[in-house]
Amino acid sequence: MPEPSDQDPDRPSQSLDADRLDTLVGAVARDRDRTAFAALFRHFAPKILHYCLRLGADRSTAEELVQDVMLTVWLKAGSFDPAQATVGTWVFTIARNRRIDRLRKEMRPAPDPADPAMTPQSHATPEESAQLVQSSRHLQEAIGSLAANQSEVLRRSYFLEQTHEEIAEDTEMPLGTVKTRLRLALGHLKRSLGDKA
């Protein structure tokens with residue numbers, strides 16, 4: 001991963017010397033000075049953008065990285081120590097680290113929805129699971145006790161999700177007959193399941 005070199009024309013220009021940059025970072029850290037930050041932004045943003053593009057980021061990603069780096073400068077200006085590095089070194093170190101973070105994030109595999117670890121676990125208690133099984137069995141028995149023509153209409157309506165009109169068209173029954181058979185089927189199920197409750 002290339003590092004900005006001393007000969008790099010995009011390194012902080014001589015127009016803002018090291019002392020001036022130290023002063024601006026200090027003003028941001030001490031006073032949250034927006035004017036000082038604006039000067040830092042004007043000075044570093046184009047250089048960070050070019051640096052990120054050279055590291056292989058596309059333009060959109062590079063622009064996001066500039067925003068991220070400058071936000072970090074705003075938030076962490078108080079942690080800058082001029083005894084350890086120049087402002088330029090500090091800012092470009094942040095840029096390099098943000099780019100590495102972005103690459104790691106991009107290389108992370110997407111979650112596999114088929115992974116069993118991604119499947120939410122049932123929170124049903126054993127008693128609730130047993131009750132559910134028993135209710136399903138009662139429903140199957142009630143459906144099995146329906147007249148064939150009512151069972152067919154019910155299956156098409158609830159399991160195939162057909163509209164009443166679609167059922168009438170497919171079975172060549174009048175629409176009123178479809179509705180009547182469905183109403184009778186539901187009434188029968190309600191009575192049958194009510195008896196089991």
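Colleague: How many residues has H6, and how far does H6 reach from its first C-alpha to its last?

Modeller: Helix H6 (residues 148-159) has 12 residues and reaches 15 Å, close to the 16 Å expected at 1.5 Å a residue. The expected span is 1.5 Å times one less than the number of residues. Helices (H or I, at least four residues) are DSSP runs numbered from the N terminus. This is a predicted model: local features need pLDDT of at least 70, side-chain atom pairs count only at pLDDT 80 or more, and totals for chains, interfaces and linings use all residues. Residues are numbered from 1 along each chain as its sequence is written, and side-chain values use heavy atoms, with hydrogens and water left out.

Colleague: Which residues of H6 are buried?

Modeller: Gln150, Val153, Leu154, Arg156 and Ser157. They cover an arc of only 165° around the axis, so they are on the same side of H6. That arc is taken from the directions from the helix axis to the C-beta atoms. Buried is under 20% relative accessible area, exposed over 50%, partly exposed in between (1.4 Å probe, protein chains only).

Colleague: And which exposed residues does the face turned away carry?

Modeller: Ala148 and Phe159.

Colleague: What is Ser157 in contact with?

Modeller: Leaving aside neighbours within four places in sequence, Ser157 is in contact (heavy atoms within 4.5 Å) with Gln162, Ile167 and Leu182. Its relative accessible area is 14%.

Colleague: Changing topic: which residues touch the most other members of the largest nonpolar core?

Modeller: Leu40, Phe44, Ile48, Met70, Val73 and Val91, out of 33 residues. The largest share, 10 residues, comes from H2. A nonpolar core is a set of buried Ala, Val, Leu, Ile, Met, Phe, Trp, Tyr and Cys residues joined through side-chain atoms within 4.5 Å. There is also a second, separate core of 12 residues, which includes Val153 and Leu154.

Colleague: How many aromatic pairs are there?

Modeller: Five. In one of them, the rings of Phe37 and Trp74 have their centres 5.2 Å apart and their planes at 70°, so the pair is edge-to-face. Rings of Phe, Tyr and Trp (its six-membered ring) pair if their centres lie within 6.5 Å; planes under 30 degrees apart count as stacked, over 60 as edge-to-face and the rest as tilted. Phe37 is in helix H2 and Trp74 in helix H3, 37 residues apart.

Colleague: What lies over the face of Trp74?

Modeller: Arg32, at 4.2 Å from the ring centre. The cut-offs there are NZ of Lys or CZ of Arg within 6 Å of the ring centre and within 35 degrees of the ring normal.

Conventions
Helix = DSSP H or I, 4+ residues; strand = E, 2+ residues; numbered from the N terminus.
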